[in-house]
Amino acid sequence: MTGIAFEDFTPGSVIEGGPLTVTEAEIVAFAAEFDPQPFHLDAEAAKATFVGQLIGSGWQTAGFGMRLLQEHVFRGGTSMGSPGIAELRWLRPVLPGDALRIAVKVESCRASNTKPDRGFVAFAMTVLNGAGERVMTQEFSVMFPRRGTEPLPPRAVTPAGPEALVEPDDAEALHFLESAPLGTARDLGRHHFTPDAVIAYARAYDPQAFHVDPEAARQTHFGGLCASGWHTAAVWMKRLHITRERDIAFTARTGPVPQLGPSPGFRDMRWLAPVYAGDTLRYTCTLVDKRAAASRPGWGLATHENVGVNQRGETVFRFTGSVFWQWAREA
């Protein structure tokens, strides 16, 4: 299944790779599917926004980082997946024509205490543009098989049946951040992960065997085709926008609509269980903290907690994010 193993990594070593040149067409296509904000979709419309120019979605930048990671750090092979991301920071926007490359430091290596066929490698990755400027940093860990050990048997997977999803028609008023209530979960609705969509996303951003090849996936410890963790995250963004569009229309009937800006990053992203082809996830988003942004008058920084639950009621995905949010209604 894989040509890369836990023993191939040494703490302190640095692995570099790239470049990967980003096109405007890629930026717009990803945004249209997952993150349809004006500054990701249209160069002219972007001029009137918070950022002032067309930029790539941060979620797509994470996907580009994953593509470079698989090609250069995994050597084109397949890991055993990642339990999550400790912290990710988007430091500069990715622009059309940027040539991205990565520098990945091996922070630590430890064998699993409970599963002798694998070990955990902690990485610190920096994504740079063609000018050598940092555009994203990420701290995370990945599982790799151990050489000379007998792999544990694949999981027994029962594929979920198709679900007929009906888009909700509920809507809630959007608040400026200063008056937005804390602690109330917003239901973002459900998304069904089809095999074709799982494979298409993975081919573009995370081409590991258990994401792109159903038969090969059945032979891995996952036991079946499963979605990339970055696909799971991108769909959260998709559901957020679909829900927000209803809320925007509802809010606009009676007054101004607060704007959202870009996100500086997130922390504690956990992929708690595989999301298999055929699964359906329900996402929720809860505002948990807020503060005025001293460096950006008129704006605040919101902290939100997000969860994805599958059709069996199992929490499979969670993270704590942040986003710039218009602070108060203009006088």
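1. In which strand is the place of Pro19? The model discussed in this note is a predicted one, and in it Pro19 has its place in strand S1, which covers residues 14-21. The peptide bond that leads from Gly18 to Pro19 is cis, and its omega is near 5 degrees.

2. Arg75 is not a glycine, yet its phi is positive, at about 60 degrees. Arg75 is placed in the loop between H4 and strand S2 (84-90). Its relative accessibility is 55%, and Arg75 therefore counts as exposed, the cut-off being over 50%.

3. Asp268 likewise is a residue other than glycine with a positive phi, here near 55 degrees. Asp268 belongs to strand S7, residues 265-271. With a relative accessibility of 40%, Asp268 counts as partly exposed.

4. The next point concerns helix H1. In this helix, which spans residues 24-34, the residues Ile27, Phe30, Ala31 and Phe34 are buried. When one looks down the axis of H1, these buried residues fall within an arc of 100 degrees, so they line one face of the helix. The exposed residues Ala25 and Ala32 are carried on the face of H1 that is turned away from the buried side.

5. What covers the buried residues of H1? The cover includes four helices: H2 (38-41), H4 (58-73), H5 (195-205) and H8 (229-252).

6. The axes of H4 and H8 come within 10 Å and cross at roughly 170 degrees. An angle over 145 degrees counts as roughly antiparallel, and H4 and H8 are therefore roughly antiparallel to each other. On the side of H4, the contact is made by Trp59, Ala62 and Met66, and on the side of H8 by Trp230, Ala233, Trp236 and Met237. Sorted by class, the contact of H4 with H8 has 7 nonpolar residues, no polar residues and no charged residues.

7. H5 packs against H8 at an angle of about 110 degrees, and the axes of the two helices are 9 Å apart. Because angles of 65 to 115 degrees count as roughly perpendicular, H5 is roughly perpendicular to H8. H5 contributes Ala197, Val198 and Tyr201 to this contact, while H8 contributes Trp230, His231 and Ala234. By class, the residues of the contact of H5 with H8 divide into 5 nonpolar, 1 polar and no charged.

8. Is His211 buried or exposed? His211 lies in helix H6, residues 209-212. Its relative accessible area is 5%, and His211 is therefore buried, since the cut-off is under 20%.

9. The side chains of His211 and Asp206 are joined by a polar contact of 3.4 Å. If the neighbours within four places in sequence are left aside, His211 is in contact with Val198, Ile199, Ala202, Asp206, Leu225, Cys226, Ala227 and Ser228.

Terms used: Residues are numbered from 1 along each chain as its sequence is written. This is a predicted model: local features need pLDDT of at least 70, side-chain atom pairs count only at pLDDT 80 or more; totals for chains, interfaces and linings use all residues. Side-chain values use heavy atoms; hydrogens and water are left out. Buried means under 20% relative accessible area, exposed over 50%, partly exposed in between (1.4 Å probe, protein chains only). The arc is that of the directions from the helix axis to the C-beta atoms. Contact means heavy atoms within 4.5 Å. Axes are lines fitted to C-alpha atoms, for helices over the stretch in contact, and angles run from 0 to 180 degrees between N-to-C directions. Angles under 35 degrees count as roughly parallel, over 145 as roughly antiparallel, 65 to 115 as roughly perpendicular and the rest as oblique. Ala, Val, Leu, Ile, Met, Phe, Trp, Tyr, Cys and Pro count as nonpolar, Asp, Glu, Lys and Arg as charged, and the others, Gly among them, as polar. A polar contact is a pair of N or O atoms within 3.5 Å; within protein, one must be able to donate a hydrogen and the other to accept it, and residues adjacent in sequence count only if both atoms are side-chain atoms.
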